[in-house]
Amino acid sequence: MSIIQIKGLHKIYNPKKVPVHALNGIDLEITEGEFTAIVGPSGSGKSTLLNMIGGLDSPTEGTVIINGVDVSTLSPKKLIDFRLKNIGFVFQDYSLLPVLTARENVEFIMQLQGRKKEEFKKRAEELLREVGLGDRMDNRPSNLSGGQQQRVAVARALASKPKFILADEPTANLDSVSTSDLLEMMQVLNKEENMTFIFSTHDQRVIDKARRVVSIVDGKVAEDIQVEQEMAQ
Amino acid sequence: MITAISWRNIWRNPTRSLVIIIAVALGLTAGIFSVALMNGMTEQKMRTAIENQTSHIQLHHPEFSVNKDIKLHLNNKAEIEKILEDNPAIKGFSSRTVAGGMLASSRGSVGVQLNGINPEKEKQVTAIWQNMIEGDYFEGDSRKPILISQKTAEKLEVKLRSKLVVTLQDSEGEIVGAAFRVSGIFKTTSTAFDETQVFIPKKALQDLLQLPAEVHEIALVLNDLEQVPIIKEELQKELGESVKIEDWKEVLPELAYLSDATVQTNVLFLAIILVALAFGILNTMLMSVFERVKEIGVLMAVGMNKLRIFSMIVIETVFLSVSGSLIGVLVGIALIKWTSQEGISLSMFAEGLASWGVSDVIYPTLSAGFYIILMFMVLITALLASIYPARKALSLNPAEALHGLNN
Ligand SMILES: Nc1ncnc2c1ncn2[C@@H]1O[C@H](COP(=O)(O)OP(=O)(O)OP(=O)(O)O)[C@@H](O)[C@H]1O
Ligand SMILES: [Mg+2]
């Protein structure tokens, strides 16, 4: 089932002063359960594309339909709520709130969703255990390694029960061991819970794990390759 | 959880937060203490004015206060005194015969108000007898004693036992005079009072005025100052329209005005301090918001709505201001407690203050209500100071806020 449909997407930054054509007509469809890497040279528009998919910025032209909803028609207020309910985010850096512990970071998102206390307490613990941080739950991000922080970020993204998780260069700041650990964990979640992951990356080892690789060059889709399932493993 | 986040955010940069907290605390301590000092002075002035001049309540002929004519004496003196004696709320009263006149020595003359009093009765009402610096309070056997203030003595260049001539108009309109001997010299904290008031025995004045047994003024003191309005009303009912009853505020309206004005000045004074502090708080919060642009971007991205972000910044500002204020208020209270035990001696400036009616030891004081007003003012200050930083935080677009971090 298709959960994201992008049609004729254009994004021009600074249209009045020095226009930057970040996206130049992207058509893309993402179906449930995908494990997709967005790749491309620096400045090609990967982050811009992910921001559009995540409803963090509005397109100059074209439509982004998520789960049947054209996000560009949503008011800013509704959009925040939409993100909270439908999209999980993992960022390259500063993903977590530094003043909250791992557990609180995960609980916080569910609290924003207005879930009950007993429910989110339990779920936060489950998720942190699932990402392998059962014993570090009460640490603040500053006491966790980069890889551990990104796991917490994934747990937080999952906590809101989103339709898909967007991760913009989640491994850019990680060493190779943490990178493969994180990817492995994401793969498990993808397989066992059918969670859709869309992530951008420069890292060949990460690209190798993807089941679909979308290459962006100059704001256009240059290549879109479905990797054989067996090969990805 | 937003409250917890706000509180912890404050302590991310402890130095910066402490600096502003201490600034707020110091500002408020200084503000509170100054206000308490001003209050202490005002209260002192009122107390001395009540003790020496106005008493709690005064009775006059209805027109007496308008033209001070000596013929406007109280008509039913005996009846009034009986009623006053029977009222248990009244601690004491003094009936006075009052007239304006001239006081002359060989060196000069001054216009004064002559108060003809019964020394023992007067003791219950005013504190002149406690303010004698030379001589005594009608204790000697002088036949025509007069009490004058040190100021008047200096002006007329007279000493204890000097002779003074009193000149005035009697009830027939005749100019009459008599010699008195200075038997005591007093000094109160009010220069204005000292310059105008002299005391002689009631009988002596009545004889001069040819007003046997008549009095113009009855001053009374209650057991409790707070009861003034009630007793005043009670007496008015009993005595009817033929007697004008005034409380101390009416006798000296500038005194009541002073106490009102003090409250207004105090609030204005603290408001100015708070406005200054508000800019410091605003600056601190603005720095904090700018430092956290990306973090706020993440919060917006993951679904924290504007209202919550706004609240987070507002709560942080309130925490910052209120913790500083609490410290400031507590230190201020401690300081007031400590200094009000011994009082603060202002003998250095006493000369100037005396003309204003303040004695040289001040007891700082502040009412509980004032702290409540103050905490409200702090809260409003915090809210106002938070609006700009909070709006700045909201003006961020998540994509732009995150821009720096994702490419
Ligand atoms: N908020 C913005 N304002 C102006 N220009 C922007 C903004 N965000 C991105 N751009 C520009 O748009 C183009 C695409 O940027 P984008 O961040 O999407 O690239 P990217 O593929 O993610 O690059 P990287 O691999 O370095 O992260 C770049 O030229 C960038 O400078
Ligand atoms: Mg990028």
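The model is a predicted one. Residues from chains A and B surround ligand 1, so the site is shared between the two chains, and the protein buries 81% of the 620 Å² that ligand 1 exposes when taken alone.

**Shell around ligand 1**

- There are 16 residues around ligand 1, of which A:Ser42, A:Lys46, A:Ser47, A:Thr48 and B:His403 come nearest.
- Sorted by class, this shell consists of four nonpolar, 10 polar and two charged residues.
- Helix H1 of chain A provides the largest share of the shell, namely three residues.
- The elements that give two or more residues to the shell are strand E2 (20–31) and helix H1 (46–53) of chain A, together with helix H16 (398–406) of chain B.

- In the side chain of A:Lys46, an N or O atom is 2.6 Å from an oxygen atom of ligand 1.

**Nonpolar patch on chain B**

- On the surface, B:Trp7, B:Trp11, B:Leu18, B:Ile22 and B:Leu26 form a nonpolar patch, and together they have about 480 Å² of accessible area.
- Helix H2 of chain B, which spans residues 14–54, gives the most to this patch, with three residues.
- B:Ile22 has its place in helix H2 of chain B and is partly exposed, because its relative accessible area is 47%, a value that falls between the 20% and 50% cut-offs.

Definitions and conventions. Residues are numbered from 1 along each chain as its sequence is written. Chains are lettered from A and ligands numbered from 1 in the order in which they are written. This is a predicted model: local features need pLDDT of at least 70, side-chain atom pairs count only at pLDDT 80 or more; totals for chains, interfaces and linings use all residues. Side-chain values use heavy atoms; hydrogens and water are left out. Patches are made of residues with over 30% relative accessible area and no salt bridge: like charges are joined within 9 Å, nonpolar side chains (Val, Leu, Ile, Met, Phe, Trp, Tyr) within 5 Å. Accessible areas come from the Shrake-Rupley method with a 1.4 Å probe; for residues, only the protein chains shown count as cover. A salt bridge is a side-chain nitrogen of Lys or Arg within 4 Å of a carboxyl oxygen of Asp or Glu. Helices (H or I, at least four residues) and strands (E, at least two) are DSSP runs, numbered from the N terminus. Buried means under 20% relative accessible area, exposed over 50%, partly exposed in between (1.4 Å probe, protein chains only). A residue is near a molecule or strand if one of its heavy atoms lies within 4 Å of it. A polar contact is a pair of N or O atoms within 3.5 Å; within protein, one must be able to donate a hydrogen and the other to accept it, and residues adjacent in sequence count only if both atoms are side-chain atoms. Ala, Val, Leu, Ile, Met, Phe, Trp, Tyr, Cys and Pro count as nonpolar, Asp, Glu, Lys and Arg as charged, and the others, Gly among them, as polar.
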